[in-house]
Amino acid sequence: MRKLLAIFLMGLICSAAFAADVPGGKSNGFIKADFKHEIGVAKLDRLLGAGGGYLFVVRDGGTVEALQPDGKVAYTLAAKEGKTQLLKRPEAAASADDMLYVVDSGTEQVLLYGLKDGQFLGRFGAGARGFFGAGDGQELQSPRGIAVHEGVVYVADTGNRRIQLFGVNGVFLHTLELSAEARAQDDKTLPYQLKKAADIALDAAGRLYVLDDGDNLVKVYDANGRYLRALAGIDRPGALTLAEDGVYVADERSQSILKFNFAGQLVYQFGSRGEGKSQTKKIAGLASAAGQQVFVGDAGKALINVFQTVAGERIEPLPRGAGRASVKWLGGIELDALRLAGDGKGALYAIGSDSQDGGHLLKLQDNKVVGEFKLKAVQPVALALDEAGAIWVADKSKKRVLKLDAAGNELLGVGSGGTGAGQFGNPSAVAVARSGLIFVADRGNRSVQVFREDGVFLNKLGGAATRFENPVALGLDPGDKLFVLDAGRGSVSVFSAGGELLHEFGKLKEGSEFGKPLDMAVTADEVLVLDGNRVKAFDHAGKLLRVFGAKATGTASLGDPVALAGGGSTLFVADHAGRRVEAIAVLYKPQAPQKFLAQKSVHAIDLQWAPAPAAYVKSYRIYRSARGDGGYVRIATSASNTYSDTDLTPGSLYFYRVAALSDGGFEGASSDAVSAVPDKYVPPALAAV
């Protein structure tokens, strides 16, 4: 009997232990989420988020404070700037690098503060002033959620039922287009559209999690906005937060926290309604921090519960896609410029508008004028620079193109007024190829003409397939492909280095991609078009990649942009109304390196890949694994397109991937995996004695 009793008791113990480890079982919640302590917060209204070692809370009355781990106030955020109200109804906070973002549904904007000290830095999103003017329907309405992922700010624009994307300091990018699988578009039961987005978060793979109050769901979308699923088993979701190993959602009805893995499966649940330790009366916000810490705000008891959770499975860092490019306003200079041209080395040349007896050219560097000179009896309307540093200017008054040295002295004159070969009616743009060929766009004669480097006329571009109507800008890529922006046709025509028409983009079956095309800049892999008060980026094949610029409160104000120029990964935009030239950094996410090869060697493997054509790629990160489908660890960073992995075990199989790193510090898409087995060193045979 004693043996039977012992066996019976042992069985009960084993069963209980098993139940505690079963994913999704409520009985295991207290083991996998260990309550550590509580932080008292008098008059707590909501826990907004965590970042930089702080917890951000809002108290009754709207005061936002940063709390240290012991609950002491580190700083209080400014609610006003002069007479301007900044904070009325703070809803959520997010941080990235040294920036804190607070979204406020009362003032309908996003506020920027320094993460270390809480200093007010700026605001964006409201329907006044802005990056490109004022009021075009892009302003926020009762926004309630915010998240930052790889330099892009995502805002749950609750009142407008959409997700808005901004650059790191408020430059508007675009509205995320939400969609579902084609077969499910007509399925009214599929809840991919937003009703009342109340919170938002992103995981390491770029997937979006949106808490929708309108239908009590947490909806999951891929990085492009395609609906994937809704998290199941939540009665009334009230808050969410993302950790490295999963998604935590607060259920207001049960006053519990549910943890899901990144496949959408419920892993476990913890917390309950009550007055005791670890229990809550009114959950008001969730946050997470490194080390599997989860913070639960409780407005009913005026405190924050702190839990230590068991680590789950994280997202494999590789392979990864390129990610979404972003932008950052860098500053500007007081200057009324009509046209711009960059030299690719950090300098910018501008045609000024304040000269009355002739043209006025200026050289800018590091946001200041470092040189200027006047051109007598010249009316410059366009300019370009060649590989040798010479300045080329289109002169409207005498209908010609001039080549100038760095001091403004005339070296060569090309063309004259008229309608014949080598003559101009109204020259509007000029570009000089690496081969020395000179291209001149002429709005008056509706043509693009080609000249030899000594000014001898060669030919006209176009023909029956491309009859230019109003060519306003020209651009060349590093391979001397020519891009022609035609405002009349509403398109960009692309020609080979030999003058053959390759393709045309921008024209639609009805209308055009462009509303008011003004200027264009061409890089190694993109075409950027200044279209009205927005910049549209295309790849060289004509695929629209992104749009930025909006008429809502932001960190810069451009009322009448007239010119655009590129300089590496920085864009310069001339604003005629504001009499300023603004500098905007493009935060690129590089494409995957190509032609990646692994060659075995003695106790080593030699890697090489094709160098990236984009100037913004500054280095490469090399990853290694013992298996091809995961487990990659970064082993080195290389400034060149080669790397030798040494001191390896002979006979072992090694897998590698490589990814490019941009000048903004963002890693791009990873390459395909390659593998090799290093050789063993075999000493030469001893010579016969």
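**Figure 1. Antiparallel pairing of β32 and β33 in the predicted model**. Strands β32 and β33 run antiparallel and are joined by 5 bridges. Within this pairing, Leu383 stands opposite Val393 of β33. The two strands form a hairpin with 5 residues between them, and in this hairpin Gly389 adopts a positive phi near 95°. β32 spans residues 380–385, and β33 covers residues 391–395.

Figure 2. Asp395 has Arg400 of β34 as its bridge partner. The hairpin of β33 and β34 has 4 residues between the strands, and Lys399 in the turn shows a positive phi of about 50°.

**Figure 3. Domain arrangement of the protein chain**. The chain is divided into domain 1 (33–128 + 137–180 + 192–309), domain 2 (326–585) and domain 3 (597–676). Taken over C-alpha atoms, the centres of domain 1 and domain 3 are separated by 37 Å.

**Figure 4. Lining of the second largest pocket**. The volume of the second largest pocket is about 1,200 Å³. The lining consists of 48 residues, of which Gly342, Gly344, Leu476, Val522 and Gly566 are the closest to the centre of the pocket. At least two lining residues come from each of β28 (337–342), β32 (380–385), β38 (427–432), β42 (471–476), β46 (517–522) and β50 (561–567). Domain 2 (326–585) and domain 3 (597–676) each contribute at least three residues to the lining of this pocket. Divided by class, the lining comprises 28 nonpolar, 10 polar and 10 charged residues.

**Figure 5. The largest cavity and its lining**. The structure holds 1 cavity of 30 Å³ or more. The space in the largest cavity amounts to about 40 Å³. Its lining is formed by Gln255, Ile257, Phe270, Gly271, Ser272, Ser278, Thr280, Ile283, Val296, Asn305 and Phe307. Among the residues of this lining, 5 are nonpolar and 6 are polar, and none is charged.

**Figure 6. Salt bridge between Arg253 and Asp235**. The closest N and O atoms of Arg253 and Asp235 are 2.8 Å apart in this salt bridge. The pair links distant parts of the chain, 18 residues apart: Arg253 lies in the loop between β21 (246–251) and β22 (256–260), and Asp235 in the loop between β19 (227–230) and β20 (237–243). Arg253 has a relative accessible area of 49% and is therefore partly exposed. Asp235, with a relative accessible area of 42%, is likewise partly exposed.

**Figure 7. Salt bridge between Glu316 and Arg627**. Glu316 and Arg627 form a salt bridge in which the closest N and O atoms are 3.4 Å apart. The partners belong to distant parts of the chain, 311 residues apart: Glu316 is in the loop between β26 (303–309) and β27 (326–334), whereas Arg627 is in the loop between β55 (617–625) and β56 (633–638). Glu316 counts as partly exposed, at 37% relative accessibility. Arg627 is also partly exposed, its relative accessible area being 40%.

Figure 8. Lys481 is partly exposed, with a relative accessible area of 25%, whereas Asp477 counts as buried at 6% relative accessibility. The cut-off for burial is under 20% relative accessible area, so Asp477 at 6% falls within the buried class.

Terms used
Residues are numbered from 1 along each chain as its sequence is written. This is a predicted model: local features need pLDDT of at least 70, side-chain atom pairs count only at pLDDT 80 or more; totals for chains, interfaces and linings use all residues. Side-chain values use heavy atoms; hydrogens and water are left out. On a 1 Å grid over the protein atoms alone, a cavity is a set of points where a 1.4 Å probe fits but cannot get out, and a pocket is an open set with protein on both sides within 12 Å along at least five of seven lines; lining residues have an atom within 4 Å of a point. Grid points are joined across faces, edges and corners, and a volume is the space filled by probe spheres set on the points. Ala, Val, Leu, Ile, Met, Phe, Trp, Tyr, Cys and Pro count as nonpolar, Asp, Glu, Lys and Arg as charged, and the others, Gly among them, as polar. Domain bounds come from an automatic or database domain assignment. A salt bridge is a side-chain nitrogen of Lys or Arg within 4 Å of a carboxyl oxygen of Asp or Glu. Buried means under 20% relative accessible area, exposed over 50%, partly exposed in between (1.4 Å probe, protein chains only). Two strands pair if DSSP finds at least two bridges between them.
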